[in-house]
Amino acid sequence: MFSFKSVRTVVSDLLLLSKELRTIEFMFAFVLVVIIHSLRQKKNHGLPIWPILGMLPSLLLGLRSGVYDWLTKILNHQSGTFVFKGPWFTSFNYVVTSKPKNLKYLLSTNFSNFAKGESFNYIARDVFGEGFFNSDGVAWLLQRRAVSAAFHSNEFRSMTVESLVDLVHRRLFSILDNSIKSGNLLIDLQDLLLRLSFDNICILAFGVDTGTLNLGLPNIPFVKAFEEATCVTLLRFFTPALVWRAMRFLNLGRERRLKTSIREVHDFVDEVIHTKKKDILSKSTRDKFGSNILTTFIAMKDDKGSSVPEKILRDTCVSLILGGRDTSSIALAWFFWFLDQNSVVEEKILAEIYRIVGERETGSDKGGTEANLVVMPEEVKRMEYLHAALTESLRLYPSVPLEFREVVEDDVFPDGTTLKKGTKVIYSIHAVGRMKSIWGKDCMEFKPERWLTDGKFAREPTYKFTAFNGGPRDCLGKDFAYYQMKFIAASIIHRYRVKVERNHPVAPKLSLSMYMKYGLKVTISSRRCEN
Ligand code: HEM
């Protein structure tokens, strides 16, 4: 029998339940509306915008899957520009672009309104200080002028030729020959190329032979520390400032590793500067590699007769290593990976080398098939197809994939995007090289021919091919880099066949420079055996 009381309890329980159900229903509906609303933002903004977190969840997913391709996909979808909105109440917002007309405006037309800026300078200051990659105004201009004068001197050019012959023919070839003798061992070509360009820039810029490409491939702690430092610095750009600053303050995680790496990088460079200064003062040892950028910097005096401060010397050296070591070796690693999949291109490069060295005057080393052939500087310059193939590789895998700027005064991009003073701008060099609107439907294919007109290399404007930047901040080492890359590539291709390991994983690493994340594992065989 039901009592009146128990019926009342059941009814009140049911009422309570239905109230709770309604609350749950309401919350569910609310969450659904928020999700639908956030996802619908994707159509207009390129990414969902979530309450409080903004676009951060998508960025975290993008960082996991590969940030360069992720950005390129959004940029292609958004016709070349989108605004990244970070969490509420933070300044973690960016205008991201890859539109040529915006780039022309930013790099050249209104260059002075797009600085490296205070916030980016702060992010990279721990590693690069006030070095030319990380400074604006007078500090940048003075370093640029000094580096430019050194790069364009005849002495620098002839030293480049000399040191490359030694590094490639004596050191690199010994290692490659050894690997053949030992039964075609797997080698990491990217690692060898990085060692080569590191030794080369240290010889040319500092007059110091670091010998990382010597037989036995010695471990130099500086190298690992440098790679770690550039990697963590890039991650800071994609982390809300509050988070990475807190991690730095508490000495946690990657910020802790960064601190150790920076110490090692600075110790190495300080030691180089200290030794050079001692050499100059004592004059007891003659500089083995003649004058170099560092000795020029040490000797420089301002109007008041003061020398360049030690800190600026260090910052310039660290920037020179970044510019000189990573860029051209990484570009070569991607290039050899492309060649492995494009045997026709490799054959064309080989044919070009044979044709050009075959035209040498009688009496000189004719040796198109000569094993020890040393390619001469004038011959390197005439290698138009090789130049095109390297450029094509850089289009798809630019050594510097992303660039960062800050807007100085309120402005508007030519595509109509509003830029408030202090807006942070990222331009994706990686995306510019992969836009259908610039390169056509076959933009993802590796085709050196797209750079050739009547067999001659035809350059594109710098705001379409931005691998070397453009305008007043364009790459000062471009000619040097092309010479170095062409000389190394021609020498290797002429003498060896390079085969990439089957199923070798290939992906770009997240860092300031676009290393191959897993290196480039290859086997080498001698072409002599084929003739
Ligand atoms: C494939 C090879 C290279 C590529 C793709 C490349 C790319 C670039 C890019 C994108 C910039 C602009 C950086 C910025 O403003 O933040 C730059 C600047 C610069 N690069 Fe290169 N670079 C290469 C090789 C080199 C080499 C080998 C050197 C020197 C040994 C060098 C020296 C410089 C210098 C000094 C600047 C500073 C320009 C300035 O801020 O005024 N680069 N390079």
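Author: Helices (H or I, at least four residues) and strands (E, at least two) are DSSP runs, numbered from the N terminus. The model is predicted: local features need pLDDT of at least 70, side-chain atom pairs count only at pLDDT 80 or more, and totals for chains, interfaces and linings use all residues. Residues are numbered from 1 along each chain as its sequence is written, and side-chain values use heavy atoms, with hydrogens and water left out.

Reader: What is the helix and strand content of residues 45-63?

Author: By DSSP, the span is 47% helix and 0% strand, and its end C-alpha atoms lie 19 Å apart. UniProt, in an unreviewed entry, places the feature "transmembrane region" at residues 21-39 and 45-63; such annotations may be inferred rather than shown by experiment.

Reader: Why is the pair of F120 and F237 called tilted?

Author: Rings of Phe, Tyr and Trp (its six-membered ring) pair if their centres lie within 6.5 Å; planes under 30 degrees apart count as stacked, over 60 as edge-to-face and the rest as tilted. The structure holds 34 aromatic pairs. In this one, the centres are 5.3 Å apart and the planes stand at 50°, so the pair of F120 and F237 is tilted.

Reader: What makes this pair a tie between parts apart in sequence?

Author: F120 belongs to helix α5 and F237 to helix α9, so the pair ties together parts that are 117 residues apart in sequence. Both F120 and F237 are buried (under 20% relative accessible area, with exposed over 50% and partly exposed in between; 1.4 Å probe, protein chains only). F120 and F237 also belong to one aromatic cluster with F84, F92, Y94 and F404.

Reader: How do you know that the charged end of R395 sits over the ring of W439?

Author: A charge sits over a ring if NZ of Lys or CZ of Arg is within 6 Å of the ring centre and within 35 degrees of the ring normal. The charged end of R395 is 5.2 Å from the centre of the W439 ring and sits over it. Likewise, the charged end of K509 sits over the ring of Y515, 5.4 Å from its centre.

Reader: Which residues of the lining of the largest cavity count as nonpolar, polar or charged, and how many are there of each?

Author: Ala, Val, Leu, Ile, Met, Phe, Trp, Tyr, Cys and Pro count as nonpolar, Asp, Glu, Lys and Arg as charged, and the others, Gly among them, as polar. On that basis the lining holds 28 nonpolar, 14 polar and six charged residues. Helix α13 (310-341) supplies the largest share, eight residues.
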